[in-house]
Amino acid sequence: MRAIATAALFAMLVLPAALPAAELEISVEIPRLNVSEYHRPYVAMWLERPDHSVAANLAVWYDVEMKAGEGSKWLKDMRQWWRRSGRSTPMPVDGVSGATRPAGQHQLRFNDAKGPLKGLPPGRYELVIEAAREVGGREVVSVPITWPGSSPQQLKAKGTSELGQVRVSITP
Amino acid sequence: MNLKLIGIATALTLCLAPSAASAHKTWLHPSATVFSDTGAWMTVDAAVSNDLFYFNHVPLRLDGLQVTSPDGSRVAPQNSATGKYRSVFDLELNQQGTYKLAVVNHGMFAQYQLDGENKRWRGTPAEFKTGIPAAATDVEVSESLGSVETFATVGSPTTSVFKPSGKGIEMVPVTHPNDLYAEETATFQLLLDGKPAAGLEVEIIPGASRYRDQPEEIKVVTGADGNFQVKWPHAGMYWLETTSTDELTSLPEASKRRLSYVATLEVLPQ
């Protein structure tokens with residue numbers, strides 16, 4: 001046991017480059033909708049533990065450019081996220097919150113060396129993506145993941161209204 | 001019953017409602033109960049009606065309106081108005097946390113005889129001593145104590161506004177009233193004069209009654225600890241009422257005390 005610990009410590013000290021960071025890649029589609037009044041959706045992405053508590057906020061896209069923080073008024077419309085995390089997290093959050101995105105496929109990349117996944121204990125999580133659109137609908141898509149797992153994972157899910165194709169790729 | 005008496009009776013319904021015998025329901029109906037940001041505004045309708053939540057009977061007077069902010073201070077309502085069927089007011093929510101909106105009624109009601117005629121009087125306990133002529137006979141006095149409430153939260157729910165006063169029926173959350181979700185079970189405690197109220201019957205009715213055939217009321221009874229539980233069948237606004245009668249009046253002249261508690265609660269979808 002002690003020899004292993006020593007070896008691990010040695011590896012950390014001497015060979016950091018030999019231990020690539022575990023990576024999480026998410027690809028989310030915001031569908032193009034044919035509606036008379038279109039607003040870009042507010043989108044939140046987070047990792048939940050089995051008891052629904054939030055392990056990490058990955059992204060919160062909202063209207064950050066409205067004057068006097070007006071955009072944050074609608075954050076509660078992402079109902080699940082608001083309850084699980086939003087109402088107790090002052091916005092904006094560096095590296096997590098950002099502007100709304102147009103229709104199309106959007107890529108996000110995280111690793112365990114920095115940002116919201118730093119220090120996240122290995123285990124089973126639910127990746128939850130929630131989208132809410134002003135004068136439109138709301139949809140939640142969730143993908144169960146194992147972080148970081150022992151072999152690469154490719155996972156898929158699909159929304160039916162406010163979210164399109166969701167692809168998750170994990171490299172341990 | 002002459003016209004004047006009908007007028008008085010209507011006024012009484014406004015003031016003393018809800019009583020278990022009356023089908024009329026007294027309520028505050030908030031435009032929203034969950035807010036992201038300070039500086040948000042809410043608007044509230046206040047009425048007495050047969051159905052929930054429709055304006056089809058009389059407005060609820062706002063004389064007893066008390067809005068308590070998360071830090072305990074009172075918030076003045078704005079743009080108050082009373083119309084034919086409803087009262088309205090606006091509130092600006094400038095603090096993080098939970099607000100309590102309550103229309104509190106503490107009233108006295110008397111029936112008596114004067115010169116061979118039946119008379120009625122209503123007012124506050126303070127007005128009672130001068131309210132009834134000295135020559136009145138057969139005086140029957142009852143006291144009413146009631147609260148009609150709803151709640152709103154900016155950001156995370158807080159519990160400071162639920163500190164009981166120890167008077168009448170009060171609701172203390174176990175589950176926060178701004179944290180209610182469809183298909184989840186909520187627990188609340190009812191207190192009577194500050195002590196757990198055992199055996200109180202609670203009636204819970206979902207709003208939007210116009211659009212369904214059955215009232216779908218939920219009836220529960222508080223346990224020895226004053227607690228009751230309700231599993232919300234679906235999302236929406238719900239009306240909750242409980243009443244009680246006893247002899248624990250605050251004035252020696254009053255023989256009966258009628259207590260009531262009403263709350264409007266919003267249950268959100270999962």
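1. Arg84(A) is partly exposed, with a relative accessible area of 23%. The model is predicted. The partner of Arg84(A) is Glu48(A): the two form a salt bridge, and their closest N and O atoms are 3.4 Å apart. Glu48(A) belongs to strand 2 (residues 42–48) of chain A and Arg84(A) to helix 2 (residues 79–84) of chain A, so this pair ties together parts 36 residues apart in sequence. Glu48(A) counts as buried, at 6% relative accessibility.

2. Over all chains, the structure holds 13 salt bridges. One of them pairs Arg87(A) with Asp179(B), the closest N and O atoms being 3.0 Å apart. Arg87(A) sits in the loop between helix 2 and strand 4 (97–99) of chain A, and Asp179(B) in the loop between strand 12 (169–173) and strand 13 (185–192) of chain B, so the pair joins two chains. Both residues, Arg87(A) and Asp179(B), are buried.

3. Asp45(B) and Arg86(B) also form a salt bridge, with 3.0 Å between the closest N and O atoms. Asp45(B) is in strand 3 of chain B, while Arg86(B) is in the loop between strand 7 (78–82) and strand 8 (87–93) of chain B, so parts 41 residues apart in sequence are tied together. Asp45(B) is buried, at a relative accessible area of 15%. Arg86(B) counts as partly exposed, at 36% relative accessibility. Which residues do salt bridges with shared partners join into one network? They are Arg83(A), Arg87(A), Asp179(B) and Glu184(B).

4. Arg86(B) has a ring contact too. Arg86(B) lies over the face of Phe55(B), 4.8 Å from the ring centre. Another charge sits over a ring in chain B: the charged end of Lys25(B) is over Trp239(B), 5.8 Å from the ring centre.

5. A search of the whole structure finds nine aromatic pairs over all chains. Among them is Trp27(B) with Phe55(B), a tilted pair at 5.8 Å centre to centre, with 40° between the planes. Trp27(B) lies in strand 1 (residues 25–30) of chain B, and Phe55(B) lies in the loop between strand 3 (40–49) and strand 4 (58–59) of chain B, so the pair ties together parts 28 residues apart in sequence. Is Trp27(B) buried or exposed? Trp27(B) is buried, with a relative accessible area of 0%. Phe55(B) counts as partly exposed, at 31% relative accessibility.

6. Trp121(B) and Phe128(B) make an edge-to-face pair: 5.6 Å centre to centre, 65° between the planes. Trp121(B) counts as buried at 14% relative accessibility. Phe128(B) counts as buried at 7%. Elsewhere, ring pairs link Trp27(B), Phe53(B) and Phe55(B) into a cluster.

7. Chain A has an open sheet of four strands, in the order 5-1-9-8, with antiparallel pairing. Strand 5 (104–111) and strand 8 (153–158) of chain A stand at the edges with a single partner strand each, so one side of each has no neighbour in the sheet. From one strand to the next, the twist averages 15°.

8. How many bridges join strand 8 of chain A to strand 9 of chain A? Six bridges join them; strand 9 covers residues 165–171, and the two strands run antiparallel. Gln153(A) stands opposite Ile170(A), which is in strand 9 of chain A.

Notes:
Residues numbered from 1 in each chain as written. Chains lettered and ligands numbered in written order. Predicted model: local features only at pLDDT ≥ 70, side-chain atom pairs only at ≥ 80, totals over all residues. Heavy atoms only, no water. Phe/Tyr/Trp six-rings, centres within 6.5 Å; stacked < 30°, edge-to-face > 60°. Buried < 20%, exposed > 50% of the residue type's maximum accessible area, 1.4 Å probe, protein only. Lys NZ or Arg CZ within 6 Å of the ring centre and 35° of its normal. Pairing = 2+ DSSP bridges. Axes fitted to C-alpha atoms, helices over the stretch in contact; angles between N-to-C directions. Salt bridge = Lys/Arg side-chain N within 4 Å of Asp/Glu carboxyl O.
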